[in-house]
Amino acid sequence: MTFNFPTGGAGSETADRRRGGVLLPTIGVLAALLVSFVLFTGFYTDWLWFVSVDKPQVYTISIITRGVLFAAFGLLLALVVLIFLVIAYRTRPASPGTTPEQASLERYREAVEPYRGRIALGMTVIFGLFGGLAASGEWGRFLQWRNSTPFGITDPQFGMDVSFFTFELPFLRFLLGYAFVATFIALGLVVVVHYLYGGLRLQPKGDRATRAAQVQISALLAVFIFLKAAAYWLDRYELMLRSSELAGGFTGLQYTDVNAVLPALNILTFVALFVGVLFVVNIFLRQWIIPLIGLGLMVLTSVVVGGVYPLIVQQFQVRPSELVRERPYIERNIEATRDAYNIADAEVEEYAGSVSPPSEEVLAASAGTLDNIRLLDPAVVSPTYNQLQQIRGYYSFNSRLDIDRYTLGDEQRGAVIAAREINLAGIPDGQRNWTNEVAVFTHGYGVVAAYDNTALSNGTPDFFESDIPTVGALDLEQPRIYFGEFSPPYSIVGAPEGASPVELDFPDDQSPSGQRNNTYDGDGGIPMGSLFGRLIFATKFQDTNILLSDLVNSESQIMWDRDPLTRVGKVAPWLTLDQDPYPVVIDGRIKWLVDGYTLSNDFPYSSRVSLAEATADSISGANFAAGLIARNQINYMRNSVKAVVDAYEGSVTLYAWDETDPVLQTWQKAFPDVVEPRSAMPDAVEQHVRYPQDFFKVQRFTMSRYHVTDADTFYNGTAVWIVPFDPTVTPAQVFQPPYYLTLQMPGEIAPAFSLTTTFAPQRRQTLAAFMQVNSAPGEDYGKIRVLQLPSNTTTPGPQQVQNNFESDPVVSSQLSLLRRGGSEIEFGNLLSLPFNDGLLYVEPVYLRAASEGYPLLRKVLVGYGANVALDDTLSAALGQVFGSSPAATVDPEFIPEDGSEPLPAPGDVPSEPVPSVPSTGDPFLDLTIAIDDAQRAYADGQAALAQGDFGAYGQAQDRLAEALERAAAAEAQLAGEGLPPPIDEAVEEAVVEDTVT
C-alpha cells in the first residue's frame, strides 16, 4: 500500500496568499478601529469635562466652528486643485511633438500615467487637509468677524468705527491670503501639467504654448492681479496699525503716510485693476506683449510711487520740520493709546516731594497710612509658612504668597494668605505608588493667613487662621482643596455609602492610624465607575490601573485639569489670564479668584506693548510672563472678567467685570450664557476683588511715556519715566514689582486697599512720580492717581534709598552684626508711601539662620528724605527719621507670641518686667540676637544715665541682664554641640564692664 503525503506545493502557497490577503486587511481594520476609539476618547472625555463645569456650549461652539471652517475651506482648496488639474489634463495637446525636449519628457509621462489618478487624488486630499487646518486655526478671528461689536469710536482718517480694524480687517486679511495661496497653487499645477504634456514648451519650435494653456494661465494671472489690487486697498487700512520709531515708538498714520503712501496705494489699486483687465482681455486675444508691458508698468509704479515718492516727502518735507508735520498724528496716537490701555482718566497731579518733620496733626491725619504699613513680604515668608504650618511634608505652600484683606471684628485687616495644598513630590519615596498618588493623596487642607502689618516678638507671622484642623477667625467650614495650583494630574475619588474612606484627609496624632480619612461627596469629578468609564479613562491617561484597580467603584469620580488657571482657560479660551490666582475664604469655603483680560493687537493708532517685557519683574521673572507670551504684542487691554473657581467642587463662574468692553461683548455673542453679568456677583466675592497686577504693570509701562499729553513734549522725549529696578535683589537689573498696600492718599480722609508703584526719571535714581490705583470695590475702583514730583526734585528713588540704608555707618554696623555667626539677612519689599508732601520708605529686614533656616522679621528700615534708621520696631524707626517720636501707641507689628498684652512702643516706660524672648531653635541665631539686644540695652542705659533718667536706666539694666542670660545659654548650647560661639569679645568686655559698674 502506498501513501501519498502533501509536499507543500502550489496549493500551500495559494493558501498562504489567501491568509495573507485576509490578515493584512484585518490588521488595517483593527488599527483603524483603535485609532478611531482613541480619537473618540479624547473628544468624549473633553465633552464630559465641559459638562462637569456646566459649560458644554464652549466645547460645542468651538468644535463646530473649527469643523465648519475646516470642511468649507479644505473642500474649497481641494476643489480648486482638482478642477484645475482636470482642466489642464483634458486640454493637453493631442500630440506633444517630436522635439528632443518632448522626447525627454515622454519618459516622465509614461512613468506618471499609470498613477495619474492616484497622484491627482493624493494632491487634492493633501492640499485640502492643509487648507482646512489653516482655516480651522482662524476660528477665533472668524467668530470675532461674525459677532463684531462697535466701539463707538470713529477713526479720524477714514471715518470708520474701530471695530472694523479690530474684528473685521484681520479676517479679511486671512481671506485674501488664502485666496492668494489657492491661486498660486492652481497656477503652479496648471504650468506643471501643461509643461509635462506639451502644452508649454521651452524650445522655440512652433508656438511655445497651446491656446488652452494661454487661456488658463491668463485667467489665473488676472485673478492674482485682482487680488493684488484688493491687497493694495486693504493696505490703506493696515497703515493705521503700522509701528515706527517716531518719538521712541509710534503706531498709526504719520504725515508721509497720509500725504504720500495713501495716494500711492490708491493709484496702485487702480493700476492693478487695469493690468488685471489686460490679462482678462488676453484670454481672448492671446497677445502677451500688452499685459506684460502693463505688469512691468505696475511694478515700476509700485517702486516709484510706492517707494521713491514717500521717501522724497519724508526727506524733504517732513524731516526739516518733523514736529510741525507730525504734531496732529502724535496727538492721535496719545489719545488712542491712553484709551486702549484705560489710562485716559488717570489723574496726574503735582506733588511737592518736600521733607520736613511731621507735626502731631500730620501724624494723626496720616494714621490711615502709618497704621497699615505692610511688613510681611509675601515673596519672602513662604519658607516661614512652610516651616511653621506645613504640618507634613506632603503639604506645601506656593513660593509666592498672596495679599488680601478681611473684615475681622469691626475693622478691615490686611492679610498674607496661602492655601495648604497637596504636593506629591513631598511623599516619601517608599510610599510613591499608584494607589497613594491617585486615590489617597487627593487634596490639600485649609488656608493659613497672618496679619500683614504684625509679627510676633520672635519674628514669626501673627497667624489668625492656621493649623489642622483649622483654627482661626475665618469660619472655614469646607477646608478641603481638591482643585488648586499643585493638585495632582488626576485623582479618583468617591465611594459607596458606608464604605471605608480611603483618601487621606489630614494627619491626626489622636487617631490610631495617625491620620483621618475622608470620602469626597461633591460633584466636581466625572463619574467613571462603569466598565465603559474605566475603559475610556484608562485610554485617555494611558493607565491600565484605572481598568484593573479595586479602588475604582460604582461611585468613583475622576478629576483632572484642576489648576484654576487651566480650568478658566478652557472655559474661556478667548481670555488671557493673570498669572497670579489667589485663594479667598467666602461663606466658609475656599475659592480661587482669577483675573481675565481681553486683548487686541489691532486698535488703530495705539502703541504696542510687549507683555513679556511689561509684566516681568523681580518676583514674576521670565517664567511668570511666559504664560502671556502666547499673545505677546498687544495694543489694547481690558480686565473684563473676574473668574471664581471653587476649591472643593471645581465649578467655574465668570463675571463680566467691564461690561462696556466691546471685545468682551463680541465674545459674549459668540459664546452666549458663559459669562454672567456683574450684578450677579455676590457681595462676599466682590469684597475680595482686587486690581490685577499684570494689567497694572502694562498700564505703568504705558504711563511711563503716555503720562505726557502734550505732543511737543512727547516728541522731544524729555519727560519720559522709567520703572526703577528692584534694589533688594542682586544684581538689581529687574523691575521693581508693584505692591498691594492699604494707604491713605493725599487729600483722602480714609485709607484704601491699593496697588502702587514708583517711577524714576531717565538716567537718574531720584523719584519722578508715585502711581496708585484704588483696588477696593466701589465707585473709586480702578481710579488711577499719579503724584508727579518736580523735575528738579532731590527726593531719593528706591535705588538711592537702598544705597542710603546700606551706606549709613550705624545701619551698616548693625547689619554686619546681624550677619555674624553665618546668619543671612534678607531684605523685604521696599515700600514707598506718600506722607507729609514727601515719600516715606519702609523695608522689613528678615534674618535667616545659615543652615536650613527660615526668614524671621527682626528689624525695620525706614527712610525719610536723607534720614535713615534701623530698629526693632516700626515706631522706633519712624521716631528716629521724623526727629520726634510719634504719639505713644502700641506697635502693631510687635505682638508677644504667647498672646499676652502687646509690648509698649520704644520710649514708653513699661510697668511690667521685661518679657523673655523665645528661642528660635538655632543657637547661632539666638546668640546673634542676644548680642544685638545687649548692645542696644547698654546704649539705652548710657543715654538714660546721661539724662539723669534713673528709671529708664534701671529698665535698660534689666534688659541687659536678660540678654546676657540668653547669650550665655546660647553659648553653652553651642559649646555642648562642639561649635565655636561667634561672640564679639569687645562687645562682651564692654557689657561686662558696664554691668560691674
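Reply: pLDDT is the predictor's own confidence in each residue, on a scale from 0 to 100. You need it here, as this is a predicted model. The protein chain averages a pLDDT of 87, and 88% of the residues score at least 70. Two stretches call for care. Over residues 623–629 pLDDT stays under 50, and the model has 17 contacts there beyond four places in sequence. Residues 978–997 also stay under 50, with 31 such contacts.

Now the aromatics. The structure holds 51 aromatic pairs. Take F73 and Y178: their ring centres sit 5.0 Å apart with the planes at 80 degrees, so this pair is edge-to-face. F73 belongs to helix α2 and Y178 to helix α6, so the pair links distant parts of the chain, 105 residues apart. Both ends are tucked away: with relative accessible areas of 13% for F73 and 10% for Y178, each falls under the 20% cut-off and counts as buried.

Another pair worth a look is Y520 with Y648. Here the ring centres are 4.8 Å apart and the planes meet at 45 degrees, so the pair is tilted. Y520 lies in the loop between β15 (515–518) and β16, while Y648 lies in the loop between β23 (636–646) and β24 (652–656), so this pair ties together parts that are 128 residues apart in sequence. Both tyrosines, Y520 and Y648, are buried.

Two bridges join β16 to β17 (residues 557–560), and I526 has I558 as its bridge partner in β17. For the wider picture, strands of a sheet pair through backbone hydrogen bonds.

Back at α6, there's a helix on it to check. The buried residues of α3 pack against α6 (162–196); they are E101, Q102, L105 and R109. α3 covers residues 100–112, which makes 13 residues, and reaches 19 Å from first C-alpha to last, close to the 18 Å expected. There's a bend in α3 too, about 25 degrees at E106.

Last, some backbone details in loops. The peptide bond between I468 and P469 is cis, with omega about -10 degrees. P469 sits in the loop between β10 (463–466) and β11 (471–472). D54 has a positive phi, near 60 degrees, though it isn't a glycine. D54 is in the loop between α1 (10–52) and α2 (56–90), and counts as exposed at 59% relative accessibility. D673 also has a positive phi, near 65 degrees, in a residue other than glycine. You'll find D673 in the loop between α20 (662–670) and β25 (675–676), where it is exposed at 71% relative accessibility.

Notes
Residues numbered from 1 in each chain as written. Predicted model: local features only at pLDDT ≥ 70, side-chain atom pairs only at ≥ 80, totals over all residues. Heavy atoms only, no water. Contact = heavy atoms within 4.5 Å. Pairing = 2+ DSSP bridges. Helix = DSSP H or I, 4+ residues; strand = E, 2+ residues; numbered from the N terminus. Buried < 20%, exposed > 50% of the residue type's maximum accessible area, 1.4 Å probe, protein only. Expected span 1.5 Å × (residues − 1). Bend = angle between axes of the 7 residues up to and from the residue. Phe/Tyr/Trp six-rings, centres within 6.5 Å; stacked < 30°, edge-to-face > 60°.
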